[in-house]
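Hi everyone, thanks for coming.

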Amino acid sequence: MNYTELQKANGLLGEIKEIDFYLRVTDDAIGNIRISTNNRVIFFNNKYKPKFMAIIKEIRNELIEELKELGVTEYDGND
């Protein structure tokens, strides 16, 4: 893995950690879902939370696939 790939892998790991944190925090949340871009915000009723969670998990899986393409694997217990 070269330096550029290492930087990309670290960025992907950072994104995955953010998603993991979001999923943990959101799992027990009872409020509405809020999505914002710049100064625009849209609110969704909490009944849509499962759909948003599924999309976030799908994005997480795509990031993991990108890591695998870079040659990064999950901890296998032998290290």
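Let me begin with a term: a nonpolar core here is a set of buried residues of the kinds Ala, Val, Leu, Ile, Met, Phe, Trp, Tyr and Cys, joined through side-chain atoms within 4.5 Å. Please keep in mind that this is a predicted model.

So, which residues make up the largest nonpolar core? There are 10 residues in all: A9, L12, I16, I19 and L23, together with M53, L63, I64, L67 and L70. Two elements, α1 (3-27) and α2 (49-69), each give two or more residues to this core. The biggest share comes from α1, with 5 residues. As general background, nonpolar side chains in soluble globular proteins tend to be buried together.

Leaving aside residues up to four places away in sequence, L23 touches M53, I56, K57 and R60.

Now stay with helix α2, where we also find E62. Looking along the chain, E62 and K51 are 11 residues apart, and their C-alpha atoms are separated by 17 Å.

Finally, the strands. β1 (residues 33-37) and β2 (residues 40-44) run antiparallel, joined by 5 bridges. T37 stands opposite R40 in β2. The hairpin has 2 residues between its strands, and there N38 takes a positive phi near 55°.

That's my tour, and I'm happy to take questions!

Key
Residues are numbered from 1 along each chain as its sequence is written. This is a predicted model: local features need pLDDT of at least 70, side-chain atom pairs count only at pLDDT 80 or more; totals for chains, interfaces and linings use all residues. Side-chain values use heavy atoms; hydrogens and water are left out. Two strands pair if DSSP finds at least two bridges between them. Helices (H or I, at least four residues) and strands (E, at least two) are DSSP runs, numbered from the N terminus. Buried means under 20% relative accessible area, exposed over 50%, partly exposed in between (1.4 Å probe, protein chains only). Contact means heavy atoms within 4.5 Å.
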